[in-house]
Structures are given as C-alpha cells and as structure tokens.
Amino acid sequence: MRQSVDIKRVLEQNRRYHDEAEADVYDNRMGVIHDPFTVRQMIEELERVLGRPLPTGCTVVDVGAGTGNVAVKLAMSGRFDRVIAVDISVGMLARARASAQAAGCSIETVQTDMMRLPFEDETIDLVVGCAVLHHLPDPLAFMAEVRRVLKLGGSCIFIGEPSKWGKRMIETLKLPLVVANRVYKLVSGRPGVSWEHDNIDVHTFSISDLRRVTAGYENVRLVPEGFLETVLDQSFFTAIRYMQGNAPGVVPVVTAIRRTCRSLDRSLLNRIVPRNLRTDMKFSAMKPARTGTASVA
C-alpha cells in the first residue's frame, strides 16, 4: 500500500473517471453478466472467503458497488432483506439500478465520498466489497469505518483486490497493448482524456498489508486466489471485449476461456502458486462480538 496520497485528488479523480469514462462501458469491458450461473458463482466465492454460509434475511451493504456486479447478484439470490449499493459515482450507481431492474430485483443505492459510510453505528449485518479498497485514499481508515457500521459479530468480505506482484506481472504483459493504444491515439489525432491512473488505482496489497487492514477484527481469513484467469483477462481479454465486444461470438468465447482458466486456477494453480504471487487478494473478517479479541487465519 502507498503510505502518502493526496486524498482530495484521489477522490476527485475516481469520481470523474468512473462517471465520465467507466459508467457506460464497464460491464462490457469487464464481462459482467447477471444470470443464475454468475449469481451462484458469486455466492460460492463469497462463502469460500468467509469460510461459512452467508447470513440470510438481513441487511447487506456493497461498498464501492460500481455498476452492481455484486449487489445485483446478491439481490437476485433472494437471500437478503435489503441490498444497499454504495459508491462515489452517480453514473455507476445509475447503471446498477438499471441492471437490477433488468434482472427483476431491487437494490437501494447511496452516493457517498467513501470516506464516511452514511449509516448509523452497528446497524449493518454484512459488508461486501469487490475491487474497491485499491481505489481509496486510506484503506486502513475505511476498514475502521466498516467496523463502525457493522453490528457486533457482523462480517465483511472483500474480493478482487490487486496483489503487489500480480499487478506487476499484468502491467508487464499489457505494455505492448498500452504502447499500441498510445501510438494509435497519436496518429489518429484523438488523444482523448488523460487520466491520473496513479490517483485512481492507488494501492496494491501484500499479505502483510491485509494483516494491517484487518487490525481490530477477529476471525480474519486471508484468501489470496487466482492467477491464470486474472492475468489473461486483465492483460488481453479486457481489451478484446472493449474493442470487439459487439462482434458475434466474441463475448461467449472469451467467457468460456475465462471459466476454463478459473477452473484451472482452483484445481491446480491456487495450490502451487505462492500466496503473494496470486493475483486476487481476498479476505473476510468479523467485528468482535466483545472488545479485546482478534485473530488472523
């Protein structure tokens, strides 16, 4: 994790980038699908990281919900009384509401600067987040805020955070595409908007970083996963979906390859790739039901 950032600049860049550049294209670029298979897949992933079944009949908040990749699937599952999507981007939340409506389910959306969650103390049963902490100015302060709103004994689950070494591998593999894209913009005379990506994708995480992030919690589970799927998807498939996603057969083929890679990760690579070299940092933790307890697995 970076130790010093410009909080105001990070928040403003993330808000503008996700409103202006990401809201209309994110689901297509990232291959987001809402169907029974992906709902089941999401529930299984969250339960694997939590280490037990998800609670039911309660209130769950998806922090940094974006276009609703997690929130909509949780609402589709029918397991929760309330699903609340929280994000800094109004545009992304509008997409989340549209996706929920298209899927025939209901979510609540709340726009916030992600510095303070707009909930009373100890009112939320479960907090989930996917690829959110690396965008925030201060993940440590945010996790304290998550702990504040959780009920005693309530849990949080975070998935999809970039690992330090995984990000380096992906950036190296992406370099030819990045260079080609810059040359194309220069030659075509369409430079587009220049975003401060160091102030958008702010952090990467190691195992030791996750231990710091979860300080003050108990029943902490650190579950770094993934290698082949994430490396290929972020290095190549994201660009293919973005540029050729409307071509017949492209998305189904890429999705099938991703699922094959995911199966290989789970059956083999998650066992042999060192934890710090895995690409997706995931963890769960519980707010102590009483003061003075903490443990890490």
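Select Leu126 and then Ser155 in strand 5: the two are bridge partners. Strands and helices here are DSSP runs numbered from the N terminus (E, at least two residues, for strands; H or I, at least four, for helices). Now widen the selection to strand 4 (residues 124-130) and strand 5 (residues 150-162), which pair in the parallel sense over six bridges. Pairing takes at least two DSSP bridges between two strands. To get from strand 4 to strand 5, follow the chain through helix 6 (residues 139-149), a β-α-β crossover that is right-handed. That label applies if, with the strands pointing away from the viewer, the path from the first strand over the helix to the second runs clockwise. One more pair to click here: Cys130 stands opposite Ile159 in strand 5.

A word on what is loaded: this is a predicted model, where local features need pLDDT of at least 70, side-chain atom pairs count only at pLDDT 80 or more, and totals for chains, interfaces and linings use all residues. Residues are numbered from 1 along each chain as its sequence is written, and side-chain values use heavy atoms, with hydrogens and water left out.

Next, strand 7 (residues 280-286). Strand 5 runs antiparallel to strand 7, and six bridges join them. Pick Phe158 with its bridge partner Phe283, then Cys156 with Ala285. On the other pairing, strand 6 (residues 218-222) and strand 7 are antiparallel over three bridges, and Leu222 stands opposite Phe283.

Show the side chains of strand 7. Asp280, Lys282, Ser284 and Met286 point one way, Met281, Phe283 and Ala285 the other, and all are buried. Buried means under 20% relative accessible area, against over 50% for exposed and partly exposed in between (1.4 Å probe, protein chains only).

Now for the cavity. Select Leu50, Arg52, Ser155, Asn219, Ser284, Ala285 and Met286, which line the largest cavity. Strand 7 gives the most to this lining, with three residues. About 30 Å³ of space lies inside. A cavity is a set of points, on a 1 Å grid over the protein atoms alone, where a 1.4 Å probe fits but cannot get out; lining residues have an atom within 4 Å of a point. Points are joined across faces, edges and corners, and the volume is the space filled by probe spheres set on them.

Last stop: His18, in helix 1 (residues 7-22). His18 counts as buried because its relative accessible area is 11%. Leaving out residues up to four places away in sequence, His18 touches Ala23, Ser89, Met92, His135 and Ile200, where contact means heavy atoms within 4.5 Å.

Methods: 1 Å grid on protein atoms, 1.4 Å probe; cavity = no way out; pocket = protein on both sides within 12 Å on 5 of 7 lines; lining within 4 Å.
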